[in-house]
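Keep the viewer open and try each task before reading its solution.

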Amino acid sequence: MKQVFQSFVVALSFVAVCSFCGCGDASKSGNRAEQIVAEIHNPQSKNVLVISHRGDWRNYPENSIPAIESVIKMGCDMVEIDVALTSDSVMVLMHDRTIDRCTTGRGKVSEMTYEELQKHFMKTAHGVRSSLDLKVPTLREALEVCKDRITVNIDKGYDYYDLVLALTEELGVSNQVLIKGGKPLADIEAKLAKYENNLLYMPIVSPANDNSKRMFDEYIAAERPQLAYEVCWGEMTPAVEEGMKQVVADGSKLWVNTLWNSLCGGLSDDVAYETSAEEVYGKILEMGTTMIQTDRPEFLIEYLRKRGLHD
């Protein structure tokens, strides 16, 4: 199990040294990304980290550079982006298998060269060409923007782990990049054992699902606690409630997705926005949640700041 946590040692040591030396709050040292990483590694912190889903897609095309820049300026702690691979092995930001929804073009990313992809323009969430005339960015371009400024969750990053890790090592950002997935512990151990340095990893679990619960139990029983867990649930059950308590008691961060109701038992961003932020986000925080992935980052940050849970 030691290999699984090898990538966490530097950040954990950083927190420990600052505490030992009387440096104060470790999250206030270093650049912005280092501050956030220190918070992620600090299970005692009550600050709630805000993860913006595909950047600020309400105002800019999803997974675009302006969408990333916008959430950095908002004060988000992490931006979630999606990676896909072109036919000539260029990693680009795209959620779908095809470019039909997000660009003016059509076709599968995997069947297009990067040069072919660049002939098309990005579309807004309303399905129209952006007035900014944006092209699909590469993962390299996105990480260069994020370096030292915000942490990054690369969705589907595990599928391209070798390529992603090589790029982040080259750019010097591996310690601020997180990937997640529903892989068994043994698979993750084997993957991470191949490298001296690794990206941060977080398992996704659904305690109400028998297969996922068995995998979750393996992680909980491991030698050391995981950095964080994303817990998903459609309906709150005793198994879900107990799973959340185990995550927090184990010294791990609890990550909740408020993107849509099926991921969070109906406590979604839209419900919070349309009814009551306190009734929705307040319940999520009572569960011990300290990481929230959201489609309404500005709204969530405003709520958390009023409660003194976000700087």
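The exercises below concern a predicted model.

**Exercise 1. Find which residues of helix α8 are buried, and work out how they are arranged around its axis.**

Solution. 
- Step 1: Select α8, which spans residues 210-220. Its buried residues are Ser212, Met215, Phe216, Tyr219 and Ile220.
- Step 2: Look at their directions from the axis. These residues sit on the same side of α8 because they cover an arc of only 140°. The spacing makes sense, because an α-helix has 3.6 residues a turn, so residues three or four places apart point the same way.
- Step 3: Turn to the face away from the buried side, where you will find the exposed residues Asp210 and Asn211.
- Step 4: Ask what the buried residues pack against. Their partners are α7 (185-192), β6 (200-205), β7 (228-231) and α9 (238-249).
- Step 5: Check the N-terminal end of α8, which is capped by Asn209. A side-chain oxygen of Asn209 lies 3.0 Å from the backbone nitrogen of Asn211.

**Exercise 2. Decide whether Leu199 is buried or exposed.**

Solution. 
- Step 1: Locate Leu199 in the loop between α7 and β6.
- Step 2: Apply the cut-off: buried means under 20% relative accessible area. Leu199 has 1% relative accessibility, so Leu199 counts as buried.
- Step 3: Compare sequence with space. Gly157 is 42 residues away from Leu199 in sequence, yet their C-alpha atoms are 9.6 Å apart.

**Exercise 3. Explore the largest nonpolar core and the contacts of Leu139.**

Solution. 
- Step 1: The core has 63 residues, and Ile68, Ile81, Leu139 and Ile154 touch the most other members.
- Step 2: Set aside the neighbours of Leu139 within four places in sequence. Leu139 then contacts Ile81, Val83, Met91, Val92, Leu93, Ile154, Val164 and Leu167.
- Step 3: Look for another core lying apart from this one; it has 12 residues, including Ile51, Met202, Leu227 and Met291.

**Exercise 4. Work out which parts of the chain the salt bridge between Arg149 and Glu69 ties together.**

Solution. 
- Step 1: Check the distance: the closest N and O atoms of Arg149 and Glu69 are 2.9 Å apart.
- Step 2: Arg149 is in the loop between α5 (139-146) and β4 (151-155), and Glu69 is in helix α3 (residues 65-74), so the pair ties together parts 80 residues apart in sequence.
- Step 3: Now try the salt bridge between Glu62 and Arg54, with closest N and O atoms 3.3 Å apart. Here both residues are buried.

Technical notes
Residues numbered from 1 in each chain as written. Predicted model: local features only at pLDDT ≥ 70, side-chain atom pairs only at ≥ 80, totals over all residues. Heavy atoms only, no water. Buried < 20%, exposed > 50% of the residue type's maximum accessible area, 1.4 Å probe, protein only. Helix = DSSP H or I, 4+ residues; strand = E, 2+ residues; numbered from the N terminus. Arc of directions from axis to C-beta. Contact = heavy atoms within 4.5 Å. Polar contact = N/O pair within 3.5 Å; in protein donor to acceptor, adjacent residues only side chain to side chain. Core = buried A, V, L, I, M, F, W, Y, C linked by side-chain atoms within 4.5 Å. Salt bridge = Lys/Arg side-chain N within 4 Å of Asp/Glu carboxyl O.
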